[in-house]
Amino acid sequence: MSVFSKFRKAVSLTVVSAMLIMAVPIVSAASEVFDDMQGHWAQDDLRKWVSSGLMEGYEDGMIKPDRAVTRAELMTLINRSFKLIEKETVSFTDLTSESWAAEQVAIAVKAGYVEGYEDGTIRWNKQVTREEAASMVAKLLKIDVKIVTSKQIFKDASDIGSWSKASVEALVDNKIINGFPDGRFDPKGKFTRAQSITVLEKAIQHKQAEVNYNQAGVYGPEKNTEMVKGSVVVSSPGVTLRNMVIEGDLTLTAAVGEGDVDLNNVKVNGKMIISGGGPHSIHLIDSNLLHIIAHKQNGTVRIVASGTTVVKLITLKSTSIIEELNLSGAGFTAVQLDKELPAGAEITFTGSFTDVEVYGALVKLLAVAGMIDNLIVRDNALGAAISMDSSFKVVRFVLDAAAKVTGKGVIEKAIVNKGGTGTVFEKQPNVLEGEGAGAAAPVAGGGGGVSPSPAPTEDVYEITSSMPSQYMATHELLSVDAGNKLLNRSGEQVNDPFYMNYFPFFDVELKTKFNANKPYTRNVRLMVKDLSTQDGGFNDGLQLFAYNNEDSSFTDIVKAGVGPNEGQSIESLMNDIAKFWSWTIVAKQGVYTFKLQIVDAETNTVVAESVLQQLNAENALMQTIEVDGFDLNQTPKYSDQPIGEGYDPRYNYYEIMVPNDTNLNAVKLRANSDTEGARVSVLLEKMIGYDVVPSQTDVDGETFYQIPLQLGKHQYVTIELALPSGVVQHYSVVVRRLPRAEVDDYAKLDAADVSVGSSRVNVRLLNNVTSPSVTVSVYDSADLSHLLATRTSMPSRGFGYKSVYVDLIGLPQKGTIWVAVRFDDTGEEVVLKKAYRITSGELSIYDNEMEGLSLRFATAEEVNNYNEQNADSAGKGIVATFNKEQLPSDIKNFSYLKFEHTGIMTIPVYGGQVDPYHGPVYEAAGAGWTEQAFAQFTKVDVPTFYRIVFYDINDVPLGILYLKDFLLAE
């Protein structure tokens, strides 16, 4: 996930003195204008979704259309826009019932468009890729992904995973998702907020545009013509459609069964998809169809064209009879026997056809009566059989693959190309030419012909794989020993597959391309053929790892191949490849060209190989990140990731812990990359956008970036690494200040690991705790003489750490407790003193009015003053003036306040100080102030859900002032 997706921003407020200096507004989710919406390619859909409440903006007045979404965020958008509410009971190892994503995942699983991974996870917080999104939407719409009218060929088609390819093609075919102008689909790329809503908007239109006829009857006017804007679905036998123009697709579902469906004077501008019907069933009368796809799962479907009917193209994916009867129109002009036709499928022709192409292997073409102008057997149509009755004629017959042609029909001209060598003709063509015709020999008992060559005697296999053309590598090259154990460069064994999460994945599939009912009988292995000369061969630079989920073993197929050295059967190898749930790429920088091959273990001959693979590996990791004077703490990205200290290239998120009594004027951040041609930028968060920090050089000649970090101001620092290829990697350094100067030492248990709420005391443990049970006891005195509560439990895994808790109700709102934590396996006990303040359920709430507060709308002069000093002009503002002595006692000593928008932000009330919200804020002018005015401006009407939240120096919220009624009263 991009680091920008982690930013949490608040609105900056400033003092009104001689002139008002206003903060950037928070725009209501009900408004239609966001600063970064205007001029965006998706602004129309963005405006529609924002105004309808399906998408909300951020508290900084931005919609962030180019921000990547996670799997759970996409589920939320889908569930919300499709009004899905039914839930399934789910259990995933990386999802707790308390997680905000739990409900959305349960709905998605129930709807059937999401399922978990083989390792028991759902990976809800993982950034969703474009191909994952396509798969989810295709399942959501229940699109038959096997039905594709035309396949768009993307430049990076080889990068699309075999598991998602059909979904991508189907959505592209249905104009629900598109590629990029440069011809790429970018399947492994991020799926942004803007892309999400445009795809879902089209998906909604696709769903809503359907007209479903599910009962027998006649539909359409007796006279005139009915225009159907969307698609039509017929899901019952005995349906007649008449006098219609269908702008979308027409689908005859499997529910038609073996029954009949008639089209009378119907024009379909989209596809006609036939999944149901019997041997007497589909009648096309005086109709006009661009493309018919016949794909019935079982049995035969008969499609009859009569009258003035014109069918520009019909694609046959299942056993079919196509017939022209009493026809005055062009009828079926182009017919394709698809490669998906099962072996032995029969296609029967009666009528006059312009072009017929055979792509399917081992199919049977039965030409009963009529003619074909051009019949072509393509090179992958191995073993095709064509039977021609004496009343049938083929004007031009082209063979790119060997076929068997029987019957007494007339072939005026046959062109047998090289691939068609071995074709058998029962009746000699009038003219026979082509490179493959040179081996012609008389057919026994016939009047001449071409002698057959032997048909394939063994199954033919193919390897498919999907690899990125560019990807992020690692500083640490891994290796495997002779026993196929995964080792790091230091020779230490790595047993945790989590280690592999930092590297890109690819897909490998071995399948039967041509089934001769005789598998390859010798032992084989999966190997890699090196076609690269860089770095003396890639064995020292590239590794392709397969992780076996069944026995938790790793195999580097570059070094060791897959399977035992003596090889294994082809069936066993196919099963083993299916077991590898993750294939991972690790590489030094360089360009690698190779093929995956199935080779005979004894003779080393090639049984099957993939297409050429080319990988351009770039090192997209920082070499070092340092902040002078502060230790970096690693922030976990995955639930099983241990918390550590210092820079580690596998981590993207860090924080530095700053006590409240620290006076920061500037700190020095150092970030370096050892990648040639890479550009490092350091960015500071602004209220809108980011400032680029200029680099400087210290007396030692080292580069640094001076960052004016102020408590409550630039809270987030972004380090951007841009590679020459355009790949960009982000790192985040978060400045976090701590209540009462408690610094959380991740290496030991301390008071910062204890949080106190209104009904529970929680203790965060180190992730490496192995004790099967931990006892937590809470006391109200240092001598531990008075026990308040105790609980023994097994530590539960949280986000990057483990924790235990004890239920405790009735604590005073503010006080001190002593928490004893005992590890039951060793008997070790740690006692922690915790000063706390409970805020949950105890916060002071004020509606529209408060002693010591006056509210008003900004004057026109104040608006003009703001506009003169800011590039973004405002239209309205609100001014809040506070008199310290008159304020309520629990508010008057606030350290800072923030305007917040309750439609976007969660209420900042925490049990204890666990992860308080930080952002650009205004801090009160010291203890001696008497009166201050704070102002907030917006381009449009002030949102009606503003509130002001007051905090003390420890980030504890003191009270909330709601402004809704005041704003509505204007």
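**Helix packing, salt bridges and a sheet**

Modeller: To begin, the axes of α2 and α3 cross at roughly 60° and come within 9 Å of each other. The model is a predicted one.

Biologist: What is the handedness of the crossing of α2 and α3?

Modeller: It is left-handed. On the α2 side the contact is made by Ala 72, Met 75, Thr 76 and Asn 79, and on the α3 side by Ala 101, Gln 104, Val 105, Ile 107 and Ala 108. These residues divide into 6 nonpolar, 3 polar and no charged.

Biologist: Which residues of helix α3 are buried?

Modeller: In α3 (residues 101-111) they are Ala 101, Ala 102, Gln 104, Val 105, Ala 106, Ile 107 and Ala 108. They pack against α2 (71-81). After α3 comes Gly 112, with a positive phi near 85°.

Biologist: What makes the pair of Lys 188 and Glu 131 a salt bridge?

Modeller: The cut-off is 4 Å between a side-chain nitrogen of Lys or Arg and a carboxyl oxygen of Asp or Glu. The closest N and O atoms of Lys 188 and Glu 131 are 3.0 Å apart, so the pair meets the cut-off of 4 Å. The two are 57 residues apart, Lys 188 in the loop between α5 (165-173) and α6 (193-208) and Glu 131 in helix α4 (residues 130-141).

Biologist: Why is Glu 131 called buried?

Modeller: Buried means under 20% relative accessible area. Glu 131 has 2%, so it is buried. Lys 188, at 31%, is partly exposed, because that label covers values between 20% and 50%.

Biologist: How do you know that Lys 271 and Asp 249 form a salt bridge?

Modeller: Their closest N and O atoms are 3.2 Å apart, and the limit is 4 Å. Lys 271 lies in strand β7 (residues 261-274) and Asp 249 in the loop between β5 (239-246) and β6 (250-252), so the pair ties together parts 22 residues apart in sequence.

Biologist: Are Lys 271 and Asp 249 buried or exposed?

Modeller: Lys 271 has a relative accessible area of 7% and is buried. Asp 249, at 12%, is buried as well, because the label applies under 20%.

Biologist: What makes the contact of Lys 511 with Glu 462 a salt bridge?

Modeller: The N to O distance is 3.9 Å, and the criterion is within 4 Å, so the pair counts. Lys 511 is in strand β27 (residues 505-514) and Glu 462 in strand β23 (residues 460-466), 49 residues apart. Lys 511, at 32%, is partly exposed, and Glu 462, at 25%, is partly exposed too. The whole structure has 28 salt bridges.

Biologist: Why are β48 and β52 called edge strands?

Modeller: The sheet is open, with 4 strands in the order β48-β47-β51-β52 and antiparallel pairing. β48 (787-793) and β52 (829-837) each have a single partner strand, so one side of each lacks a neighbour in the sheet. From one strand to the next the twist averages 20°.

Biologist: How do you know that β51 and β52 pair?

Modeller: Pairing needs at least two bridges. β51 (residues 814-823) is joined to β52 by 9 bridges, and the two run antiparallel. Arg 822 stands opposite Glu 829 in β52.

Notes. Residues are numbered from 1 along each chain as its sequence is written. This is a predicted model: local features need pLDDT of at least 70, side-chain atom pairs count only at pLDDT 80 or more; totals for chains, interfaces and linings use all residues. Side-chain values use heavy atoms; hydrogens and water are left out. Axes are lines fitted to C-alpha atoms, for helices over the stretch in contact, and angles run from 0 to 180 degrees between N-to-C directions. Buried means under 20% relative accessible area, exposed over 50%, partly exposed in between (1.4 Å probe, protein chains only). Contact means heavy atoms within 4.5 Å. A crossing is left-handed if the near helix is turned anticlockwise from the far one by less than a right angle, and right-handed if clockwise. Ala, Val, Leu, Ile, Met, Phe, Trp, Tyr, Cys and Pro count as nonpolar, Asp, Glu, Lys and Arg as charged, and the others, Gly among them, as polar.
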